[in-house]
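My notes follow the structure.

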Amino acid sequence: MSLPLHRSICACAIFVSLAPPALAAGDPQEGRAIAEKWCATCHVVSETQTSATPAAPSFAAIGQKYRNGISALAAFLADPHPVMPDMSLTRQEIRDLTAYIEGLRG
């Protein structure tokens, strides 16, 4: 293998290995904004919200329910549900929401 080709392959490998964590990170502040925009009608999404639909669990309760399986929550959010509107969340929006919900667990 030639030296320039070897360097190119190494550079690509380093870039690829560094990229996924940056892409996988959720932004809790963005998650809160999404929750306040799309979810607050039914769920209590923050400590300052005073009312919501009684049958819908609060985000704090959801965080406790998924305490050991936040990836299960992400999978839940990725699929449409009959009781929830299909918001067609992007993968990044799901990561942001789950990061926000994780932060509510304390």
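I took helices (H or I, at least four residues) and strands (E, at least two) as DSSP runs, numbered from the N terminus. The model is predicted, so I kept local features only at pLDDT of at least 70 and side-chain atom pairs only at pLDDT 80 or more, while totals for chains, interfaces and linings use all residues. Residues are numbered from 1 along each chain as its sequence is written, and side-chain values use heavy atoms, with hydrogens and water left out.

Fold. I read the pattern α-α-α-α-α along the protein chain. The count is five helices and zero strands.

Contacts. I counted a contact where heavy atoms lie within 4.5 Å. Among contacts in the protein chain with a separation of 6 or more, 54% join residues 24 or more positions apart.

Surface. I used accessible areas from the Shrake-Rupley method with a 1.4 Å probe; for residues, only the protein chains shown count as cover. The protein chain has an accessible surface of about 7,200 Å², and carbon and sulfur atoms hold 63% of that. I called a residue buried under 20% relative accessible area, exposed over 50%, and partly exposed in between (1.4 Å probe, protein chains only). By that rule 25% of the 106 residues in the protein chain are buried.

Cysteines. I searched the whole structure for disulfides, meaning pairs of cysteine sulfur atoms within 2.5 Å, and found zero. Cysteine 39 is buried, at 9% relative accessible area. Cysteine 42 is partly exposed, at 34%.
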